[in-house]
Amino acid sequence: SIDFQENMEKLMKSFVDFGLPKTPLSVTMFLWIFEKQEKRPLNNSVLVEIFIDNLLEKTSFDNIYSETFDFKNKQRFLSFISKFMKDHGDEDLSYSVNYIALLNFADEYLKKRFPGKPQNVLDDLIKRGVLCYEDGNLVRFKSAFFFHYFLALHIDYDADFKRHVLIGDNYLDYTEEIGYYTGLKRDDIEMLNFTQSKLHEAFGEFNSIITQHHEKIDEVLETKQKSQTLAFQIPNDKLENKPTAAQIEEVYDNQLLAIPEQKNIPKKSGNNYTTKKNTALVLKLACNVLKNSEDIDDFDAKTLAYKNTLISSISSMIRERDALIIYYAKYKTYPDHIPKNIDFHLLIQIIPLFYQVVIYDWLGSLKLKPVIIDKLNKDKLTLNISKYEKFLSVFIYADVKGVDYPQKIEEFVKNSDYIYLKNLSFLKILSYYHLRNNTAELDKRYLTLLYKIKKDLGQTNKQGKFQFIKNIIAKKKKEEK
């Protein structure tokens, strides 16, 4: 079965992505889904579909639905409800509509498809927690992710609606829906090409500069002194103190409790978004769509999209880093969205790591492994790219636990000359050692790498090498007993 840490990581990601209420039912149902699916990767769309299937199908509905009105019929009906609410609902009240208006709509929709009473159907959807009342006699989707998911289905059902979504910058109002749509319809090359064209619109000019002057990326990111790195400063005893299972469980519990529930449905802007001014949103969408492209047959299109997405992420990182440096130089403080209790030089040092983690979160999937492997192999023969670009693919591959990923890490560390890359690699490997359920052999490989990096940075002497590893292995074995 899936181990505790993997379950909790997936659970927290689901609750972050969906803004779910943290009720015992929701937690239990998602954990049950993970267990049933074993180690098969699930994208968000499939996860929601299974969740809704259980919500609608696994309980007694008092014969409200006939055998001919199955789960797919119900999904389609709810997608039309979401479109009706989007068109006619109060956008300041989560697109809620008057119950009578919704009942009339349901009557028109169902009378050609289903012999039951529309009022019974609507009341049951409210009872099941898919819909809910808002301010008296208004009705809305109970959770925002329900609304986004069912509106995403409508992109597939309604060609006119899909055309509307893809006109101009309208798509920026439907990034959640496009993510769900491509998660279910994973062969839509039109959507992949569309989001890549928008990515080019957002970053193309800067990407050209990044590509032409690739060597400057590593020079800009380089740390001047080895002693300034976190890898140098973290003492050996901190490496040895691997958290216990109870401590990790407590961390996960606290993180889960801190995740906000997203009940309210965000207001669609109505063309107030522009691609040029919302580059982070464009990047996230392009990553999500690429992640969901597994059934697209055009492999070259996917490999090109992956490279373009990585280059765009580097452009975004450099621009944000430069903007932060300029802001701090002018005001001697951080922008409001940056925590104030972090050292400025440390922050600048780890921004490239933040971006790697975020990009993995947005596009990381084992189903993208052939594309990532292709990039890793090409990177070995390519001279005109930054070492940071190579770092991104190596550790995205390691994050998804691709085949022989420890060997890929070892090769990268061995060939890394830049101080900043040794530091970033150290922090990634340290996280794998501390937070993953590893074999003793794999832990030893991680510790050997950690020691090598610290040695390269001048922190640990050669005589201490074997005792350093021996102490940590002995401590791990003791904890396992």
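**Figure 1. A salt bridge between K198 and D169.** K198 forms a salt bridge with D169, the closest N and O atoms being 3.7 Å apart, where a salt bridge is defined as a side-chain nitrogen of Lys or Arg within 4 Å of a carboxyl oxygen of Asp or Glu. Because K198 lies in helix 10 and D169 in the loop between helix 8 and helix 9, the pair ties together parts that are 29 residues apart in sequence; helices here are DSSP runs (H or I, at least four residues), numbered from the N terminus. K198 counts as buried at 10% relative accessibility, whereas D169, with a relative accessible area of 21%, is partly exposed; buried means under 20% relative accessible area, exposed over 50%, and partly exposed in between (1.4 Å probe, protein chains only). The model is predicted, so local features need pLDDT of at least 70 and side-chain atom pairs count only at pLDDT 80 or more, while totals for chains, interfaces and linings use all residues. Residues are numbered from 1 along each chain as its sequence is written, and side-chain values use heavy atoms, with hydrogens and water left out.

Figure 2. E190 forms a salt bridge with K162, with 3.3 Å between the closest N and O atoms. Since E190 lies in helix 10 (residues 189–212) and K162 in helix 8, this pair ties together parts that are 28 residues apart in sequence. E190 is partly exposed at 45% relative accessibility, and K162 is buried at 15%. R163 forms a salt bridge with D160, their closest N and O atoms being 2.1 Å apart; R163 and D160 are three residues apart in helix 8 (residues 159–165), and so are separated by about one helical turn. The count for the structure comes to 26 salt bridges.

Figure 3. K302 is placed in helix 16 (residues 299–331). The side chain of K302 does, however, reach the backbone oxygen of I296 at 3.1 Å.

**Figure 4. The edge-to-face pair of Y149 and Y180.** A search of the whole structure finds 24 aromatic pairs, in which rings of Phe, Tyr and Trp (its six-membered ring) have centres within 6.5 Å, and planes under 30 degrees apart count as stacked, over 60 as edge-to-face and the rest as tilted. The ring centres of Y149 and Y180 are 5.9 Å apart and their planes stand at 85°, so the pair is edge-to-face. Y149 in helix 7 (residues 144–157) and Y180 in helix 9 (residues 175–184) are 31 residues apart, and the pair thus links distant parts of the chain. Both Y149 and Y180 are buried.

**Figure 5. Y432 and its aromatic and charged neighbours.** Y432 and Y446 form a tilted aromatic pair, 6.0 Å centre to centre with 40° between the planes. Y432 counts as buried at 3% relative accessibility, and Y446 is buried with a relative accessible area of 1%. Y432 and Y446 belong to one aromatic cluster together with Y388, F391, F395, Y405 and F412. R436 lies over the face of Y432, at 4.0 Å from the ring centre; a charge sits over a ring if NZ of Lys or CZ of Arg is within 6 Å of the ring centre and within 35 degrees of the ring normal.

Key
Helices (H or I, at least four residues) and strands (E, at least two) are DSSP runs, numbered from the N terminus. A polar contact is a pair of N or O atoms within 3.5 Å; within protein, one must be able to donate a hydrogen and the other to accept it, and residues adjacent in sequence count only if both atoms are side-chain atoms.
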